[in-house]
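Hi there,

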Amino acid sequence: MTPATVMEIGRQAIEVTLMLAAPLLLTVLVIGLLVSIFQAATQINESTLQFVPKLAGVFLALIFAGPWMLQILIEYIQRLFNSIPQIIG
């Protein structure tokens, strides 16, 4: 196994991780921004107000993006397992 192979596997792992995390992080970012704007407009400074909408948003994002995320993860693992003979030998 060469250093280039290790770097390529690491790059692919980081790429897959970012792709899997993006829908959830973007959902939380948008909901946090909207709740912050609402809090600024109404002058409600309750820190726990963001928790429930973010939790519901992540739940909905997992429902809608979950199958896609699972497919990406399965494809990456299959590629990784199928490349084991080339990596070792």
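E15 and R11 both sit in helix α1, four residues apart, which is about one turn of the helix. Helices here are DSSP runs (H or I, at least four residues), numbered from the N terminus. Before going further, please note that this is a predicted model, in which local features need pLDDT of at least 70 and side-chain atom pairs count only at pLDDT 80 or more, while totals for chains, interfaces and linings use all residues. Residues are numbered from 1 along each chain as its sequence is written, and side-chain values use heavy atoms, with hydrogens and water left out.

The side chains of E15 and R11 form a salt bridge, with 2.7 Å from N to O. The term stands for a side-chain nitrogen of Lys or Arg within 4 Å of a carboxyl oxygen of Asp or Glu. By this rule there are two salt bridges. The other pair is E8 and R11, whose side chains meet at 2.6 Å, N to O. E8 and R11 both belong to helix α1 (residues 3-42) and are three residues apart, again about one turn of the helix. Together, E8, R11 and E15 are linked in a network of salt bridges.

How exposed are the residues of this network? E8 is partly exposed, with a relative accessible area of 35%. R11 also counts as partly exposed, at 42% relative accessibility, and E15 is partly exposed with 40%. For these labels, buried means under 20% relative accessible area, exposed means over 50%, and partly exposed is in between (1.4 Å probe, protein chains only).

**How the two helices pack**

Two packed helices are described by the angle between their axes and the distance between the axes. Here, the axes of α1 and helix α2 (residues 51-82) come within 10 Å and cross at roughly 170 degrees. The axes are lines fitted to C-alpha atoms, for helices over the stretch in contact, and the angles run from 0 to 180 degrees between N-to-C directions. α1 and α2 are therefore roughly antiparallel to each other, since angles under 35 degrees count as roughly parallel, over 145 as roughly antiparallel, 65 to 115 as roughly perpendicular and the rest as oblique.

Sorted by class, the contact of α1 with α2 has 21 nonpolar, four polar and two charged residues. In this sorting, Ala, Val, Leu, Ile, Met, Phe, Trp, Tyr, Cys and Pro are nonpolar, Asp, Glu, Lys and Arg are charged, and the others, Gly among them, are polar.

**The nonpolar core**

Which residues make up the largest nonpolar core? It has six: V16, L20, A65, M69, I72 and Y76. α1 and α2 each supply at least two residues of this core, and its largest share, four residues, comes from α2. A nonpolar core is a set of buried Ala, Val, Leu, Ile, Met, Phe, Trp, Tyr and Cys residues joined through side-chain atoms within 4.5 Å.

Leaving aside its neighbours within four places in sequence, M69 is in contact (heavy atoms within 4.5 Å) with L20, L24 and L62.

**Around the loop**

Q39 lies in helix α1 and is buried, with a relative accessible area of 12%. Apart from neighbours within four places in sequence, Q39 is in contact with I44, E46, L49 and Q50.

Q43 has its place in the loop between α1 and α2. Q43 is not a glycine, although its phi is positive, at about 60 degrees. Is Q43 buried or exposed? With a relative accessible area of 67%, Q43 is exposed.

- L60 is found in helix α2 and is partly exposed, at 44% relative accessible area. The C-alpha atoms of L60 and T27, 33 residues apart along the chain, are separated by 9.2 Å.
- E75 lies in helix α2 and counts as partly exposed, at 35% relative accessibility. E75 and I9 are 66 residues apart in sequence and 14 Å apart in space, C-alpha to C-alpha.
- I77 lies in helix α2 and is partly exposed, with a relative accessible area of 35%. Between the C-alpha atoms of I77 and A13, which are 64 residues apart along the chain, the separation is 9.7 Å.
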